[in-house]
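Reader: Hi! Could you take me on a close look at the surroundings of the ligand, and then at how charged side chains pair elsewhere?

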Amino acid sequence: MTALTATRDGVAPGAPSIWTAAHNADRRRPRSRQTELGASDTVCSRRAAYIVTGAARTDVHEGRAAILGTYLHAGMLEDARKEFGWQVERTVVGDGVRGHVDAVQLDQATAARLPKAMRPLVPADVVTVEDVKTKSLRKWDYVLRYGATKAELRQVYLYAAILRKHGFADLRGQKALARLGPIDVQRIRFRFVCRDNGAEHVQEFAFDELEASAALFWVDRVLEVEDPEELPRDHDGPGLAAVCDYCPWLTACWGQAGPGIPVQTLLVKDDDDRAQALADYVRGHEQETAGKAVKKLARAKIDQTKAGTYGPNSLSWSGGNPVKRPDEQAMVDLYEDAGVLVPMAPDVNAMVAFLKGEGIAVPMRDTGAKTARSINVSPART
Ligand code: SF4
(Lines give C-alpha, C1' and ligand atoms only; values in the text may rest on other atoms or scores of the structure.)
Protein backbone atom coordinates (compact mmCIF):
# COMPACT_ATOMS: atom_id res chain seq x y z
CA MET A 1 0.00 0.00 0.00
CA THR A 2 1.41 3.44 -0.93
CA ALA A 3 1.21 5.94 1.90
CA LEU A 4 -0.57 9.18 1.08
CA THR A 5 1.60 12.28 1.40
CA ALA A 6 0.42 15.81 2.05
CA THR A 7 2.43 18.93 1.30
CA ARG A 8 1.89 22.50 2.36
CA ASP A 9 3.55 25.58 0.93
CA GLY A 10 6.15 27.09 3.20
CA VAL A 11 6.32 24.16 5.65
CA ALA A 12 9.73 22.71 6.38
CA PRO A 13 10.38 19.06 5.45
CA GLY A 14 9.92 16.94 8.58
CA ALA A 15 6.79 18.86 9.60
CA PRO A 16 4.22 17.05 7.47
CA SER A 17 0.53 17.83 7.51
CA ILE A 18 -1.30 16.01 10.27
CA TRP A 19 -3.65 14.80 7.52
CA THR A 20 -0.89 12.52 6.23
CA ALA A 21 -1.12 10.58 9.49
CA ALA A 22 -4.91 10.81 9.58
CA HIS A 23 -5.38 9.49 6.03
CA ASN A 24 -2.90 6.66 6.42
CA ALA A 25 -4.53 5.57 9.69
CA ASP A 26 -7.97 5.84 8.12
CA ARG A 27 -6.95 3.59 5.23
CA ARG A 28 -5.83 0.93 7.69
CA ARG A 29 -9.06 0.95 9.73
CA PRO A 30 -11.00 -2.28 9.29
CA ARG A 31 -13.97 -0.32 7.89
CA SER A 32 -11.71 1.04 5.15
CA ARG A 33 -10.39 -2.36 3.99
CA GLN A 34 -13.23 -4.78 4.54
CA THR A 35 -14.72 -7.13 2.00
CA GLU A 36 -17.56 -8.10 4.35
CA LEU A 37 -20.53 -5.77 4.19
CA GLY A 38 -20.72 -3.44 7.15
CA ALA A 39 -24.12 -2.07 8.01
CA SER A 40 -22.83 1.47 7.46
CA ASP A 41 -22.21 0.55 3.80
CA THR A 42 -25.91 0.41 3.13
CA VAL A 43 -26.03 3.83 1.57
CA CYS A 44 -26.11 2.48 -2.01
CA SER A 45 -26.89 -1.04 -3.23
CA ARG A 46 -24.30 -0.99 -6.02
CA ARG A 47 -21.62 0.29 -3.65
CA ALA A 48 -22.51 -2.46 -1.18
CA ALA A 49 -22.16 -4.96 -4.04
CA TYR A 50 -18.66 -3.64 -4.88
CA ILE A 51 -17.71 -4.38 -1.27
CA VAL A 52 -19.13 -7.88 -1.01
CA THR A 53 -17.75 -8.93 -4.40
CA GLY A 54 -14.30 -7.67 -3.35
CA ALA A 55 -14.03 -5.22 -6.28
CA ALA A 56 -10.85 -3.14 -6.23
CA ARG A 57 -11.34 0.49 -5.29
CA THR A 58 -10.85 2.83 -8.21
CA ASP A 59 -10.80 6.17 -6.39
CA VAL A 60 -9.10 7.69 -3.35
CA HIS A 61 -10.73 10.71 -1.75
CA GLU A 62 -9.47 13.04 0.96
CA GLY A 63 -12.63 12.77 3.11
CA ARG A 64 -11.40 15.09 5.88
CA ALA A 65 -14.92 15.80 7.16
CA ALA A 66 -15.58 12.06 7.47
CA ILE A 67 -12.33 11.55 9.41
CA LEU A 68 -13.19 14.42 11.76
CA GLY A 69 -16.60 12.80 12.23
CA THR A 70 -14.89 9.50 13.14
CA TYR A 71 -12.74 11.23 15.78
CA LEU A 72 -15.73 13.01 17.35
CA HIS A 73 -17.81 9.87 17.22
CA ALA A 74 -15.14 7.75 18.94
CA GLY A 75 -14.57 10.36 21.67
CA MET A 76 -18.25 10.78 22.46
CA LEU A 77 -18.96 7.05 22.56
CA GLU A 78 -16.01 6.38 24.83
CA ASP A 79 -17.27 9.00 27.27
CA ALA A 80 -20.79 7.55 27.12
CA ARG A 81 -19.28 4.15 28.01
CA LYS A 82 -17.34 5.55 30.97
CA GLU A 83 -20.03 7.88 32.31
CA PHE A 84 -23.27 5.99 31.54
CA GLY A 85 -22.02 2.40 31.39
CA TRP A 86 -23.57 1.92 27.92
CA GLN A 87 -22.29 -0.86 25.69
CA VAL A 88 -20.54 1.02 22.88
CA GLU A 89 -18.97 -0.03 19.58
CA ARG A 90 -20.00 -3.66 20.06
CA THR A 91 -19.79 -6.05 17.13
CA VAL A 92 -22.79 -7.80 15.64
CA VAL A 93 -22.51 -10.49 12.96
CA GLY A 94 -25.25 -12.29 11.09
CA ASP A 95 -27.26 -12.50 7.86
CA GLY A 96 -24.18 -11.57 5.80
CA VAL A 97 -23.56 -8.38 7.74
CA ARG A 98 -20.90 -7.42 10.22
CA GLY A 99 -21.31 -4.11 11.99
CA HIS A 100 -20.49 -2.11 15.06
CA VAL A 101 -23.44 -0.89 17.04
CA ASP A 102 -22.70 2.59 18.33
CA ALA A 103 -24.42 2.14 21.67
CA VAL A 104 -26.83 -0.25 23.36
CA GLN A 105 -28.60 0.88 26.51
CA LEU A 106 -29.74 -2.28 28.25
CA ASP A 107 -32.86 -2.57 30.38
CA GLN A 108 -32.78 -3.70 34.00
CA ALA A 109 -33.67 -7.36 33.34
CA THR A 110 -31.02 -7.84 30.64
CA ALA A 111 -28.36 -5.89 32.53
CA ALA A 112 -28.94 -8.04 35.64
CA ARG A 113 -27.61 -11.04 33.66
CA LEU A 114 -24.23 -9.34 33.17
CA PRO A 115 -21.34 -8.93 35.62
CA LYS A 116 -21.90 -5.81 37.75
CA ALA A 117 -19.12 -3.84 36.07
CA MET A 118 -20.85 -4.17 32.68
CA ARG A 119 -24.25 -2.86 33.78
CA PRO A 120 -25.42 0.62 32.81
CA LEU A 121 -25.54 3.27 35.52
CA VAL A 122 -29.19 3.93 34.66
CA PRO A 123 -30.90 1.09 32.78
CA ALA A 124 -33.30 1.98 29.98
CA ASP A 125 -37.00 1.12 30.39
CA VAL A 126 -36.63 -1.03 27.23
CA VAL A 127 -33.47 -2.15 25.39
CA THR A 128 -32.48 0.71 23.11
CA VAL A 129 -30.10 0.66 20.16
CA GLU A 130 -28.56 4.05 19.56
CA ASP A 131 -26.78 5.43 16.53
CA VAL A 132 -24.74 8.63 16.86
CA LYS A 133 -24.41 10.76 13.75
CA THR A 134 -22.32 13.90 13.46
CA LYS A 135 -23.61 16.42 10.92
CA SER A 136 -22.45 19.76 9.57
CA LEU A 137 -24.44 22.95 10.19
CA ARG A 138 -25.32 22.93 6.49
CA LYS A 139 -27.32 19.73 6.98
CA TRP A 140 -28.74 20.62 10.39
CA ASP A 141 -32.09 22.00 9.20
CA TYR A 142 -32.66 18.78 7.24
CA VAL A 143 -31.89 16.73 10.37
CA LEU A 144 -34.35 18.70 12.50
CA ARG A 145 -37.06 18.49 9.87
CA TYR A 146 -36.71 14.94 8.55
CA GLY A 147 -34.45 13.06 11.00
CA ALA A 148 -32.58 9.97 9.82
CA THR A 149 -32.26 9.26 6.09
CA LYS A 150 -33.48 6.02 4.52
CA ALA A 151 -29.92 4.63 4.47
CA GLU A 152 -29.35 5.56 8.13
CA LEU A 153 -32.62 3.86 9.10
CA ARG A 154 -31.65 0.76 7.12
CA GLN A 155 -28.29 0.60 8.88
CA VAL A 156 -29.66 0.81 12.41
CA TYR A 157 -32.51 -1.61 11.66
CA LEU A 158 -29.90 -4.11 10.49
CA TYR A 159 -28.02 -3.79 13.78
CA ALA A 160 -31.21 -4.13 15.79
CA ALA A 161 -32.47 -7.08 13.71
CA ILE A 162 -29.17 -8.94 14.10
CA LEU A 163 -29.17 -8.29 17.85
CA ARG A 164 -32.73 -9.61 18.13
CA LYS A 165 -31.90 -12.69 16.07
CA HIS A 166 -28.29 -13.52 17.01
CA GLY A 167 -27.34 -11.27 19.93
CA PHE A 168 -23.84 -9.81 20.24
CA ALA A 169 -21.08 -11.56 18.26
CA ASP A 170 -19.08 -14.15 20.17
CA LEU A 171 -15.73 -12.37 20.09
CA ARG A 172 -12.91 -11.62 22.50
CA GLY A 173 -13.83 -8.66 24.70
CA GLN A 174 -17.58 -9.24 24.49
CA LYS A 175 -18.02 -12.90 25.52
CA ALA A 176 -20.30 -11.97 28.44
CA LEU A 177 -22.52 -10.01 26.06
CA ALA A 178 -22.62 -12.90 23.57
CA ARG A 179 -23.77 -15.23 26.36
CA LEU A 180 -26.93 -13.11 26.73
CA GLY A 181 -28.15 -14.61 23.43
CA PRO A 182 -30.73 -12.75 21.34
CA ILE A 183 -31.41 -9.25 22.70
CA ASP A 184 -34.96 -7.99 22.87
CA VAL A 185 -34.40 -4.59 21.22
CA GLN A 186 -37.55 -2.52 21.56
CA ARG A 187 -36.45 0.99 20.72
CA ILE A 188 -34.28 2.75 18.15
CA ARG A 189 -32.65 6.07 18.92
CA PHE A 190 -30.74 8.43 16.66
CA ARG A 191 -28.60 11.05 18.31
CA PHE A 192 -27.48 13.78 15.93
CA VAL A 193 -24.66 16.10 16.98
CA CYS A 194 -23.79 19.22 14.99
CA ARG A 195 -20.06 19.29 14.19
CA ASP A 196 -20.01 23.10 14.05
CA ASN A 197 -21.75 24.13 17.27
CA GLY A 198 -22.35 20.95 19.32
CA ALA A 199 -26.18 21.14 19.09
CA GLU A 200 -27.84 17.79 19.86
CA HIS A 201 -31.07 16.36 18.46
CA VAL A 202 -32.59 13.02 19.43
CA GLN A 203 -35.06 11.01 17.36
CA GLU A 204 -36.57 7.91 18.99
CA PHE A 205 -39.15 5.37 17.91
CA ALA A 206 -40.27 1.81 18.64
CA PHE A 207 -38.60 -1.08 16.78
CA ASP A 208 -40.65 -1.96 13.68
CA GLU A 209 -40.56 -5.57 12.37
CA LEU A 210 -41.49 -4.51 8.84
CA GLU A 211 -38.66 -1.98 8.59
CA ALA A 212 -36.22 -4.61 9.86
CA SER A 213 -37.43 -7.17 7.27
CA ALA A 214 -37.04 -4.58 4.52
CA ALA A 215 -33.45 -3.89 5.63
CA LEU A 216 -32.61 -7.64 5.67
CA PHE A 217 -34.21 -8.10 2.25
CA TRP A 218 -32.07 -5.23 0.89
CA VAL A 219 -28.94 -7.02 2.11
CA ASP A 220 -30.08 -10.35 0.61
CA ARG A 221 -30.44 -8.70 -2.78
CA VAL A 222 -26.88 -7.31 -2.53
CA LEU A 223 -25.41 -10.64 -1.44
CA GLU A 224 -27.02 -12.49 -4.34
CA VAL A 225 -25.38 -10.54 -7.17
CA GLU A 226 -22.19 -11.65 -8.90
CA ASP A 227 -21.64 -8.40 -10.76
CA PRO A 228 -22.28 -5.09 -8.92
CA GLU A 229 -23.54 -3.60 -12.18
CA GLU A 230 -26.60 -5.83 -11.91
CA LEU A 231 -27.73 -3.47 -9.16
CA PRO A 232 -28.96 0.05 -9.80
CA ARG A 233 -27.04 3.16 -8.91
CA ASP A 234 -28.97 4.58 -5.96
CA HIS A 235 -27.58 8.10 -6.46
CA ASP A 236 -27.24 10.57 -9.34
CA GLY A 237 -23.44 10.56 -9.64
CA PRO A 238 -20.55 12.98 -9.13
CA GLY A 239 -21.41 16.65 -9.00
CA LEU A 240 -25.01 15.79 -8.16
CA ALA A 241 -24.72 13.53 -5.10
CA ALA A 242 -22.05 13.98 -2.41
CA VAL A 243 -22.11 10.24 -1.64
CA CYS A 244 -20.85 9.60 -5.19
CA ASP A 245 -18.28 12.43 -5.03
CA TYR A 246 -16.58 10.50 -2.20
CA CYS A 247 -17.28 6.95 -3.36
CA PRO A 248 -14.21 4.68 -3.62
CA TRP A 249 -15.80 2.97 -6.66
CA LEU A 250 -16.78 6.18 -8.47
CA THR A 251 -14.85 5.40 -11.68
CA ALA A 252 -15.85 1.73 -11.68
CA CYS A 253 -19.47 2.77 -11.36
CA TRP A 254 -19.68 5.70 -13.77
CA GLY A 255 -16.64 5.45 -16.07
CA GLN A 256 -14.83 8.57 -17.26
CA ALA A 257 -15.96 11.32 -19.63
CA GLY A 258 -13.70 13.95 -21.22
CA PRO A 259 -12.42 16.92 -19.23
CA GLY A 260 -15.27 19.22 -18.15
CA ILE A 261 -17.92 16.80 -19.45
CA PRO A 262 -20.36 15.32 -16.87
CA VAL A 263 -20.05 11.52 -16.61
CA GLN A 264 -23.85 11.34 -16.67
CA THR A 265 -23.52 11.97 -20.45
CA LEU A 266 -22.36 8.34 -20.68
CA LEU A 267 -25.88 7.23 -19.68
CA VAL A 268 -27.21 8.51 -23.01
CA LYS A 269 -26.59 5.97 -25.76
CA ASP A 270 -29.28 6.66 -28.36
CA ASP A 271 -32.18 8.92 -29.28
CA ASP A 272 -34.56 7.02 -26.97
CA ASP A 273 -32.27 7.95 -24.05
CA ARG A 274 -32.20 11.55 -25.29
CA ALA A 275 -36.00 11.64 -25.56
CA GLN A 276 -36.32 10.25 -22.03
CA ALA A 277 -33.83 12.77 -20.59
CA LEU A 278 -35.70 15.65 -22.27
CA ALA A 279 -39.05 14.34 -20.97
CA ASP A 280 -37.51 14.18 -17.46
CA TYR A 281 -36.23 17.73 -17.89
CA VAL A 282 -39.69 19.00 -18.87
CA ARG A 283 -41.32 17.12 -15.95
CA GLY A 284 -38.77 18.60 -13.51
CA HIS A 285 -39.36 22.06 -14.96
CA GLU A 286 -43.13 21.72 -14.48
CA GLN A 287 -42.66 20.61 -10.86
CA GLU A 288 -40.26 23.49 -10.26
CA THR A 289 -42.71 26.03 -11.74
CA ALA A 290 -45.59 24.68 -9.63
CA GLY A 291 -43.35 24.72 -6.52
CA LYS A 292 -42.29 28.32 -7.17
CA ALA A 293 -45.92 29.40 -7.46
CA VAL A 294 -46.74 27.76 -4.10
CA LYS A 295 -43.75 29.51 -2.50
CA LYS A 296 -44.62 32.92 -3.98
CA LEU A 297 -48.20 32.80 -2.67
CA ALA A 298 -47.09 31.66 0.79
CA ARG A 299 -44.39 34.36 0.88
CA ALA A 300 -46.93 37.06 0.00
CA LYS A 301 -49.30 35.83 2.72
CA ILE A 302 -46.72 35.99 5.52
CA ASP A 303 -45.15 39.27 4.44
CA GLN A 304 -46.35 41.06 7.61
CA THR A 305 -45.98 38.10 10.02
CA LYS A 306 -43.70 38.60 13.02
CA ALA A 307 -40.76 36.25 13.60
CA GLY A 308 -41.73 33.26 15.74
CA THR A 309 -42.65 29.60 15.73
CA TYR A 310 -45.84 28.63 13.94
CA GLY A 311 -46.69 24.92 13.93
CA PRO A 312 -43.65 22.84 12.92
CA ASN A 313 -41.73 25.81 11.44
CA SER A 314 -39.88 28.83 12.80
CA LEU A 315 -39.89 32.12 10.92
CA SER A 316 -37.17 34.75 11.09
CA TRP A 317 -36.41 37.71 8.86
CA SER A 318 -33.06 38.97 7.67
CA GLY A 319 -32.02 41.90 5.50
CA GLY A 320 -34.06 45.10 5.14
CA ASN A 321 -30.98 47.21 5.99
CA PRO A 322 -29.88 50.32 4.03
CA VAL A 323 -27.56 49.37 1.16
CA LYS A 324 -24.28 51.33 1.22
CA ARG A 325 -21.70 51.79 -1.48
CA PRO A 326 -18.57 53.94 -1.74
CA ASP A 327 -19.38 57.65 -2.18
CA GLU A 328 -17.39 58.61 -5.33
CA GLN A 329 -17.63 62.41 -4.87
CA ALA A 330 -16.60 62.22 -1.19
CA MET A 331 -13.58 60.12 -2.20
CA VAL A 332 -12.59 62.61 -4.93
CA ASP A 333 -12.82 65.44 -2.32
CA LEU A 334 -10.64 63.46 0.09
CA TYR A 335 -8.03 62.82 -2.64
CA GLU A 336 -7.97 66.49 -3.62
CA ASP A 337 -7.67 67.66 0.00
CA ALA A 338 -4.71 65.30 0.39
CA GLY A 339 -3.13 66.49 -2.87
CA VAL A 340 -3.25 62.99 -4.36
CA LEU A 341 -3.96 62.54 -8.09
CA VAL A 342 -7.52 61.31 -8.68
CA PRO A 343 -7.30 58.22 -10.96
CA MET A 344 -9.11 58.69 -14.25
CA ALA A 345 -10.57 55.64 -16.08
CA PRO A 346 -12.58 55.69 -19.31
CA ASP A 347 -16.36 55.38 -18.68
CA VAL A 348 -16.94 52.29 -20.85
CA ASN A 349 -20.73 52.32 -20.48
CA ALA A 350 -20.97 55.95 -21.56
CA MET A 351 -18.64 55.32 -24.55
CA VAL A 352 -20.67 52.31 -25.73
CA ALA A 353 -23.92 54.28 -25.39
CA PHE A 354 -22.43 57.21 -27.34
CA LEU A 355 -21.13 55.02 -30.21
CA LYS A 356 -24.47 53.18 -30.46
CA GLY A 357 -26.30 56.50 -30.40
CA GLU A 358 -24.17 57.68 -33.34
CA GLY A 359 -24.79 54.44 -35.23
CA ILE A 360 -21.13 53.41 -35.07
CA ALA A 361 -20.28 49.72 -34.48
CA VAL A 362 -18.75 49.19 -31.04
CA PRO A 363 -15.27 47.62 -31.52
CA MET A 364 -15.08 44.22 -29.76
CA ARG A 365 -12.13 42.03 -28.80
CA ASP A 366 -12.05 38.32 -27.92
CA THR A 367 -11.66 37.85 -24.13
CA GLY A 368 -10.90 34.12 -24.31
CA ALA A 369 -13.89 33.42 -22.05
CA LYS A 370 -17.06 31.66 -23.20
CA THR A 371 -20.68 32.46 -22.47
CA ALA A 372 -22.56 29.92 -20.33
CA ARG A 373 -24.34 27.23 -22.33
CA SER A 374 -28.06 27.29 -21.68
CA ILE A 375 -30.61 24.69 -22.55
CA ASN A 376 -33.89 25.44 -24.35
CA VAL A 377 -36.53 22.74 -24.60
CA SER A 378 -39.80 23.32 -26.48
CA PRO A 379 -42.52 21.01 -27.85
CA ALA A 380 -41.44 19.24 -31.06
CA ARG A 381 -43.25 20.47 -34.22
CA THR A 382 -45.14 17.73 -36.02
S1 SF4 B 1 -20.64 6.18 -7.34
FE2 SF4 B 1 -22.60 6.60 -6.35
S3 SF4 B 1 -24.09 5.29 -7.41
FE4 SF4 B 1 -22.03 4.48 -7.85
S5 SF4 B 1 -21.61 2.92 -6.31
FE6 SF4 B 1 -20.77 4.83 -5.54
S7 SF4 B 1 -22.42 5.71 -4.30
FE8 SF4 B 1 -23.37 4.15 -5.58
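By class, how many nonpolar, polar and charged residues does the shell around the ligand have?

Author: Happy to! This is a predicted model, where local features need pLDDT of at least 70 and side-chain atom pairs count only at pLDDT 80 or more, while totals for chains, interfaces and linings use all residues. Residues are numbered from 1 along each chain as its sequence is written, and side-chain values use heavy atoms, without hydrogens and water.

The shell has six nonpolar residues, no polar ones and two charged ones (Ala, Val, Leu, Ile, Met, Phe, Trp, Tyr, Cys and Pro are nonpolar; Asp, Glu, Lys and Arg charged; others, including Gly, polar). Around the ligand sit Cys44, Arg47, Tyr50, Arg233, Cys244, Cys247, Cys253 and Trp254 (a heavy atom within 4 Å). Helix H3 (45-52) and helix H11 (250-254) each supply at least two residues of this shell (DSSP runs numbered from the N terminus: helices H or I, at least four residues; strands E, at least two).

Now to the charged pairs. The whole structure holds 16 salt bridges (Lys or Arg side-chain nitrogen within 4 Å of an Asp or Glu carboxyl oxygen). In one of them, Glu204 meets Arg187, with the closest N and O atoms 3.9 Å apart. Glu204 lies in strand E5 and Arg187 in strand E4, so this pair ties together parts 17 residues apart in sequence. Arg187 is buried at 17% relative accessible area, whereas Glu204 is partly exposed at 42% (buried is under 20%, exposed over 50%, partly exposed in between; 1.4 Å probe, protein chains only). Glu200 and Arg191 also pair, at 2.7 Å from N to O, and Arg191 is buried at 18%.
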